[in-house]
Amino acid sequence: MAHPSHPVAELDGRPMTDDALLATALTGYGHFTTMRVTRAHRVRGLDLHLARLVRDCGVLFGTEPDTAAVVRSVRRAVERNHDAVTPGDDVVVRVSLVAPEFDVVRPPAAAVPRVLVTVREAPAARLAPLRVRTARYVREMPTVKHSSLLGALHTRRAAQLNGWDDVLFVDREGRVTEGATWNVGFVRDGDVVWPRGDALAGVTAALLRRTEPGSSAQVAATELAAMDAAFATNAGFGVRPLAAVDGTPFDPGHPVLDRLHRAYLAVPAQPL
């Protein structure tokens, strides 16, 4: 079984070569979406993942991807590589749109990106609560799920080297925005509070907000003690409790978190 940190990769529906990998690595210019795919080839929020690719491709490449070709590439990659990655039911698929021939000296007004698909083992449906620390950081172009993860991963690494599980970003005004690779939400007096600020709108959070709209508000890091619970969301693990942010503890067993978890699992998955 392949290790989760070493996914299998396909470029335009074919095994990725070293030359293609080198060309892509030279710029790091691109965008992606990550989805959890079942053995039955179904995805929660597939339409939202594809809409994200279309939106971000227009921003970065000035063109629109062939979403039908993207879906075919994902399906082929899962069919060919599922058992090599895990004997379990689910895998995590990252779909990246990259342009290996992108000219860094004179970026083109429009470029046709290629579809890079990686398949790795999915995490457990229920993971241990996270202990996170805050860091003052705002991602470049926060509304685009771009491939420039240097700042986010550097702050995550720094947090983990200091004994934390992950990092929660706070903007220049001290407002909570998002995690390194996840959205964040809070529970106050039985209601869900979604922080308002410069952050990527995640697919999992969007699916949850259809059934648990709660409220949207600016949440200062200094106000976290007023919250009863906190949670992270992303497509890989769904809903994951936060046990603490900095020195503020939260109840990882709060009933609203279980309600959110069940609401997410109840979202109908769409076929590839």
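Q: Is D12 buried, partly exposed or exposed, and at what relative accessibility?
A: In this predicted model, D12 counts as partly exposed, at 26% relative accessibility.

Q: And which side chain does D12 meet in a salt bridge?
A: The side chain of D12 meets that of R114, at 2.7 Å from N to O, and R114 is partly exposed as well, with a relative accessible area of 23%.

Q: How many salt bridges does the structure hold?
A: There are 13 salt bridges, among them one between R75 and E79, with 3.1 Å from N to O.

Q: Where are R75 and E79?
A: Both lie in helix α3 (residues 67-85), where they are 4 residues apart, or about one turn of the helix; R75 counts as partly exposed at 32% relative accessibility, and E79 counts as partly exposed at 47%.

Q: What about E173, which residue is its salt-bridge partner?
A: E173 forms a salt bridge with R175, their closest N and O atoms being 3.0 Å apart; E173 counts as exposed at 56% relative accessibility, while R175 is partly exposed, with a relative accessible area of 22%.

Q: Which residues do salt bridges with shared partners join into one network?
A: That network is made of R126, D258 and R262.

Q: Switching to aromatics, how many pairs does a search of the whole structure find?
A: The search finds 6 aromatic pairs, and one of them is the stacked pair of Y29 and F102, with 4.4 Å centre to centre and 15° between the planes.

Q: Why does the Y29 and F102 pair tie together parts that are apart in sequence?
A: Because Y29 lies in the loop between α1 (18-27) and β3 (30-38) and F102 in the loop between β5 (90-98) and β6 (114-121), the pair ties together parts that are 73 residues apart in sequence.

Q: Which other ring pairs with F102?
A: F61 forms an edge-to-face pair with F102, at 6.1 Å centre to centre and 75° between the planes, and with F61 in helix α2 (residues 46-61), this pair ties together parts that are 41 residues apart in sequence.

Q: Are F61 and F102 buried or exposed?
A: Both are buried, whereas Y29, which ring pairs link with them into a cluster, is partly exposed, with a relative accessible area of 30%.

Q: Last one: which ring face does R44 lie over?
A: R44 lies over the face of Y264, at 5.0 Å from the ring centre, and R131 lies over the face of W164, at 4.6 Å from the ring centre.

Key: Residues are numbered from 1 along each chain as its sequence is written. This is a predicted model: local features need pLDDT of at least 70, side-chain atom pairs count only at pLDDT 80 or more; totals for chains, interfaces and linings use all residues. Side-chain values use heavy atoms; hydrogens and water are left out. Rings of Phe, Tyr and Trp (its six-membered ring) pair if their centres lie within 6.5 Å; planes under 30 degrees apart count as stacked, over 60 as edge-to-face and the rest as tilted. Helices (H or I, at least four residues) and strands (E, at least two) are DSSP runs, numbered from the N terminus. Buried means under 20% relative accessible area, exposed over 50%, partly exposed in between (1.4 Å probe, protein chains only). A charge sits over a ring if NZ of Lys or CZ of Arg is within 6 Å of the ring centre and within 35 degrees of the ring normal. A salt bridge is a side-chain nitrogen of Lys or Arg within 4 Å of a carboxyl oxygen of Asp or Glu.
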